[in-house]
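Please read the structure below together with its sequence, and follow the chain from one element to the next.

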Amino acid sequence: ILFNCVNFENFSFAIEICEDLWVPNPPSTSHALAGATVIANLSASDETTGKDIYRTGLVSGQSARTLSAYIYADAGEGESTTDLVFAGHNIIAENGNILSQSKRFENQTIYADIDLDRLAAERAKMTTFIPDEELSYEEVEVELEPIDFEVERVIDNAPFVPSNTNEREKRCEEILSIQTMGLKKRLEHTNCKNAVIGISGGLDSTLALLVTVRAFDALNIDRSNIIAVTMPGFGTTDRTYNNAIDLMKSLGVTIKEISIKDACVQHMKDIEHDEAVKDITYENTQARERTQILFDMANKHNCLLVGTGDLSELAMGWCTYNGDHMSMYGVNASVPKTLVRYLVDYVAKISDEKTKAILLDVLDTPVSPELLPPDSDGKIAQKTEDNIGPYELHDFFLYNFVRFGFEKDKLRRLAIKAFDGVYDSATIEKWLGVFMKRFFISQFKRSCIPDSPKVGSVSLSPRGDWRMPS
């Protein structure tokens, strides 16, 4: 029997009994394929040593396989029979995650908030989840009275970054390995022994250089075959320039310095642009000049040009079309900005003291494309987050929008709860509007991005996870 709730979207539930969960093909599999998003199990599972671990794994695993919420209600203490003891081990799981479970032998009642939109979104994009409309089910319509309640579910305000230090460091090592192996394979496949990469002294190019060094080490190719190019422009500060040079020296790569100022001045004269007008033409002239240098250096020295742009920049369109947007292989393209910081910090912790000091200063530098002149004190005047908003908000919107397809109103409500005490609702509303606008107008940039290694569940590759009309 399939119970369809007529006044709650995506809420259909079905029931299986006790050992149904233990069989090779549980009825809940058919329930889910028939449309049930919530499975309830009324169970009398007796307690033996270690059985709780196995039971929890079954509930978690079945909720993951069926992309459902699984509610398991067990017989409790005091319901014992002749040879058995029951512990009241109640469990609520959602798509493989245990949301709540009771302490055994205490007969606790447990609660959890289930996100039906999230389950529906997962099913919509999971190509192996194919609803079976030929299953024979009696469908019963039910109606539940809506109630007002405070959502107790913890909304993670940094969904890309594990909060647990050990788990985060494990994740960082895993991502660095994926990036490294992707670049290593591309270098092997093209029989390329050299790489060129632009280094600004900022976070993204720092991470890309660290990955490139790891790939060359894995291939036993001398690091001097990496040509790292710093290209000072109108907005380059002493701090970022010195960090770029110091990092390249510390890592033992080949250093090239090419100023773009004269070339940009000449180009602006050629297109009759007043260099005193510091508009988008002024900025993009520099980004495209740098990209031209890198591509031509790659041709000259038979190199693979390694791209540095990250996932957050692609989402927001915060890159110059056919400028820093383009490369031969982009190692950071599925790494969000909030995670880039932790990856660089992780490498700093396992590096020698000299490299560590440089990386920590890079981490402490404001995020900026440095395309506008520094202020009167020689410090960065153009700060990215002043223009497009905080990356921690945009990465939150990005994860929940792309991963689960949540609409704007739900993104707003989730963000208000997740960032309570950090940003007020007006600030969240403002930057959510900026995110939605920039995300949708920037697809043309994502439609032609270079190959890059996928590292997580959110990717904007036009060849894989994200197909969207420009």
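Strands, as the word is used here, are DSSP runs of E that hold at least two residues, and they are numbered from the N terminus. In this predicted model, strand 3 takes in residues 38-43, and leucine 42 lies within that strand.

Because its relative accessibility is 42%, glycine 57 counts as partly exposed, and its C-alpha atom is separated by 8.9 Å from that of glycine 96, which is 39 residues away along the chain.

Helix 6, residues 238-251, has 14 residues that should span 20 Å at 1.5 Å a residue, and the 20 Å between its end C-alpha atoms therefore agrees with that expectation. The buried residues of helix 6 are Thr240, Asn243, Ala244, Ile245, Leu247, Met248 and Leu251. An α-helix has 3.6 residues a turn, so residues three or four places apart point the same way. The cover over the buried residues of helix 6 includes helix 5 (203-218) and helix 11 (353-363), together with strand 9 (226-230) and strand 10 (254-257). After helix 6 comes glycine 252, with a positive phi near 75°.

Helix 13, residues 391-404, has 14 residues as well, and the distance from its first C-alpha to its last is 19 Å, close to the expected 20 Å. Helix 13 is mostly covered, with 13 of its 14 residues buried, and the residue that follows helix 13 is glycine 405, whose phi is positive and near 70°.

Terms used:
Residues numbered from 1 in each chain as written. Predicted model: local features only at pLDDT ≥ 70, side-chain atom pairs only at ≥ 80, totals over all residues. Heavy atoms only, no water. Helix = DSSP H or I, 4+ residues; strand = E, 2+ residues; numbered from the N terminus. Buried < 20%, exposed > 50% of the residue type's maximum accessible area, 1.4 Å probe, protein only. Expected span 1.5 Å × (residues − 1). Contact = heavy atoms within 4.5 Å.
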